[in-house]
Amino acid sequence: MKGYKNFFRFVIPSVLAFALSGVYTIVDGFFIGQSLGDIGLASIVLGYPIAAIIQALGTGIGLSGAIQYTIMQARECEEKRTCLGGTTLLMLLASGLITVLLLVFLYPLLHLLGAEREILRLTASYIRVIAVGTVFQLLATGFVPFIRNMGGAVFAMTAMIAGFLSNVFLDYLFVPKWGMAGAAWATVIGQAVTMLLAVGFFIKKKIGFALPHLSAILGFFGSVGKVAAAPFGLTISPTITIILMNRFLLLHGNEQDVAAYSCISYVVCIAYLLLQGVGDGCQPLVSRYYGENDMMAVMGIRKLAYKTAFAISAVCMAVLFLMRKSVGLLFGASPAVSQEVAVYLPLFLAALLFISFVRVTTSCFYATEKTGLSYALVFAEPGFQLVLFLLLPLPLGLLGVWLAVPLAQALACTVSFFAKRRVDYRADPEKNGWSTNHQSR
């Protein structure tokens, strides 16, 4: 099959890179939990969504620009030279705006997320540093998709490994001295290391850095933003889940429940990122074959991606189920919190197969410029979650909060299945595969 060898050459480094991005959070949680205990875990999980939104924005903008670069390269368009420069400018503007907004509206935002009293103080010390280092986080996450789409999948993974190792070493040094702020500085500096290595890649490869013409730059920003919303939403979806879970756990439970969910979210989010690594890893090939008008190759890559994602889900489900009683202890949680983790973690593991299908389907949609369908899949899950969070606790209480997420993921998978069938049917009513003509967007 065309692209079979290339599939694993792109996907394996991508999966490993996304795994490392998840380990970033686990490392912070490990050191914070050991140093500050349950209140530290609750504080970092309340502040994590803000850091995750920054990284998701970088991923969305960078991946959108990289998709355009790959499609233009396949079609031999000269405009590809402006993709990197225009995308970088957009990320710089976005990072400046985010920094200002976070510093000005820090406390109202943290109150909105549910932080109060001591948790508010600890979370604020974490987010202040994250806000200052926004530019490094945005550029690091945004440059990685470009490197991957330019054939540097292994280098992209290496750059992320370097950032990860820096983060671990600095967490070890900073957290015992400066607590939450130390963890934030470790994260920012680790991302800066990845960013600098990415810049070195562009210089070594002599990638031209050109901006779109002034008259076309707003149009370029609009085209990048149109596609960026889907990968941004896909990356931020687990964070939306964290925000909703935190709010409803505090409403129907207490801070101990939030600490238990923080442990669950750490390990489950790694599985989510592994699955997103499959989707984003196959994206350069999908976009390339789409640009070359070879839809049978696109279908073959997608089929391989489904098989790989299902296999990863099965392994994660087995390993984490066997470890369920040790997860809370790993993060320094109390015995009561650890027991709660062991009880509720299997609910989230059961939904991994649903998530794997949604992640790959959505990635293939935005890689082939089907932005409308990718939006629908990205935002179906949080929409279902909100409805279930409002309804299930009425008859079930706290249990309803825990059940809302896996049930919403099952519903999102159902939507994804029918969306995929619709696209395939429109492409080929005889159901013999994708046609060789571009699909309607």
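**Aromatic pairs, nonpolar core and surface patch**

The ring-pair rule gives a count of 15 aromatic pairs. Under this rule, rings of Phe, Tyr and Trp (its six-membered ring) pair if their centres lie within 6.5 Å; planes under 30 degrees apart are stacked, over 60 edge-to-face, and the rest tilted. The model is predicted: local features need pLDDT of at least 70, side-chain atom pairs count only at pLDDT 80 or more, and totals for chains, interfaces and linings use all residues. Residues are numbered from 1 along each chain as its sequence is written, and side-chain values use heavy atoms, without hydrogens and water.

One of the pairs joins F143 and F202. Their ring centres are 5.2 Å apart and their planes stand at 85 degrees, so the pair is edge-to-face. F143 belongs to helix α6 (residues 134-149) and F202 to helix α7 (residues 153-204), so the pair ties together parts 59 residues apart in sequence. Helices are DSSP runs (H or I, at least four residues), numbered from the N terminus. F143 and F202 are both buried. Buried means under 20% relative accessible area (1.4 Å probe, protein chains only), exposed over 50%, and partly exposed in between.

F348 and W402 have ring centres 6.2 Å apart and planes at 90 degrees, so this pair is also edge-to-face. The pair links distant parts of the chain, with F348 in helix α12 (residues 335-350) and W402 in helix α16 (residues 398-427), 54 residues apart. Both residues are buried. Elsewhere, ring pairs connect Y306, F310, F357, F417 and F418 into a cluster.

The largest nonpolar core has 137 residues, and M245 and I264 touch the most other members. Such a core is a set of buried Ala, Val, Leu, Ile, Met, Phe, Trp, Tyr and Cys residues joined through side-chain atoms within 4.5 Å. Helix α9 (residues 255-291) supplies the largest share of this core, 21 residues. Beyond residues up to four places away in sequence, M245 touches Y261, F348, F389, V401, W402 and V405. Contact here means heavy atoms within 4.5 Å.

I242 lies in helix α8 (residues 217-252). I242 counts as buried because its relative accessibility is 1%. Neighbours within four places aside, I242 contacts V45, Y48, P49, Y261, S265 and C269. The C-alpha atoms of I242 and Y261 are separated by 8.4 Å, at 19 residues apart along the chain.

At the surface, L97, V100, L101, V104 and F105 form a nonpolar patch, with about 480 Å² of accessible area together. V100 is found in helix α3 (residues 81-104). Patch residues have over 30% relative accessible area and no salt bridge, with nonpolar side chains (Val, Leu, Ile, Met, Phe, Trp, Tyr) joined within 5 Å and like charges within 9 Å. A salt bridge places a side-chain nitrogen of Lys or Arg within 4 Å of a carboxyl oxygen of Asp or Glu. Accessible areas come from the Shrake-Rupley method with a 1.4 Å probe; for residues, only the protein chains shown count as cover.

Notes
Helix = DSSP H or I, 4+ residues; strand = E, 2+ residues; numbered from the N terminus.
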